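Please consult the sequence and structure shown here.

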Amino acid sequence: MVRGVREYRDEIRSQSDRRREEERADSRREDQRREEMLRSQEESDRQRREDERRQDALRIVMNDDAIEITPEERKLINNPEMKMMDDGSIVRRARTRGSAFASQFRLDKLLPKAKKTVRKKARKELDRLQAEAFREANKLLRTKAGKLRKGVTQSDVAKRAQKILKRLRK
């Protein structure tokens with residue numbers, strides 16, 4: 001009788017543990033949803049403030065009769081490459097492909113200039129013969145499916161290729 005009660009209590013505990021884990025997972029999901037909603041709300045608020053700022057600037061220009069825009073000024077206003085500084089001077093904005101920070105770490109700027117080496121005719125010929133030797137060695141030591149034959153390693157293929165190369169060079 002005691003044994004049955006103990007098993008019953010263990011079963012109740014395991015069910016309550018399972019429920020707690022499920023509740024934790026649900027609360028995590030709810031927290032994630034809440035955070036996503038807050039992020040989207042902040043983004044929409046930021047966008048709304050930006051739109052209001054643009055509208056206010058446009059409203060000031062439109063409603064102030066003292067402001068007259070010449071065709072040259074209109075071209076400057078609508079040109080995305082031109083910006084006005086705080087002192088009122090107009091400057092052309094420099095367009096860069098990447099950030100200035102990232103460009104300082106480009107390898108071509110960090111590494112010294114390497115001299116281009118000229119390959120000699122004998123080296124080209126040797127490379128062609130080596131390629132031919134490896135093709136032949138692979139043909140001999142591999143199966144039709146392309147796997148190495150039983151007991152053969154890649155080292156064996158290279159050794160066989162060296163022997164074939166010696167024969168080809170004569």
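Lys159, Arg160, Lys163, Lys166 and Lys170 form a positive surface patch; patches consist of residues with over 30% relative accessible area and no salt bridge, like charges being joined within 9 Å and nonpolar side chains (Val, Leu, Ile, Met, Phe, Trp, Tyr) within 5 Å. Lysine 170 lies in the segment after α6 (154-169) and counts as exposed at 83% relative accessibility (buried is under 20%, exposed over 50%, partly exposed in between, with a 1.4 Å probe and protein chains only).

This is a predicted model, in which local features need pLDDT of at least 70 and side-chain atom pairs pLDDT 80 or more, whereas totals for chains, interfaces and linings use all residues. Residues are numbered from 1 along each chain as its sequence is written, and side-chain values use heavy atoms, without hydrogens and water.

A nonpolar surface patch comprises Ile60, Val61, Ile67, Ile69 and Ile77, with about 420 Å² of accessible area together. Isoleucine 69, in the loop between α1 (2-63) and α2 (71-78), is partly exposed at 37% relative accessibility. Helices are DSSP runs (H or I) of at least four residues.

The structure holds 16 salt bridges, each a side-chain nitrogen of Lys or Arg within 4 Å of a carboxyl oxygen of Asp or Glu. Three of them are tabulated below.

| Salt bridge | Closest N to O distance |
|---|---|
| Glutamate 125, arginine 128 | 2.6 Å |
| Glutamate 132, arginine 128 | 3.5 Å |

Aspartate 45 and arginine 48 are about one helical turn apart because they are three residues apart in helix α1. Arginine 128 is partly exposed at 44% relative accessibility. Glu30, Asp31 and Arg34 are linked in a salt-bridge network.

Key. Areas by Shrake-Rupley, 256 points an atom, 1.4 Å probe, with all protein chains shown as cover. Helix = DSSP H or I, 4+ residues; strand = E, 2+ residues; numbered from the N terminus. Lys, Arg positive; Asp, Glu negative; His and termini not counted. Charge placed at Lys NZ, Arg CZ, Asp CG, Glu CD.
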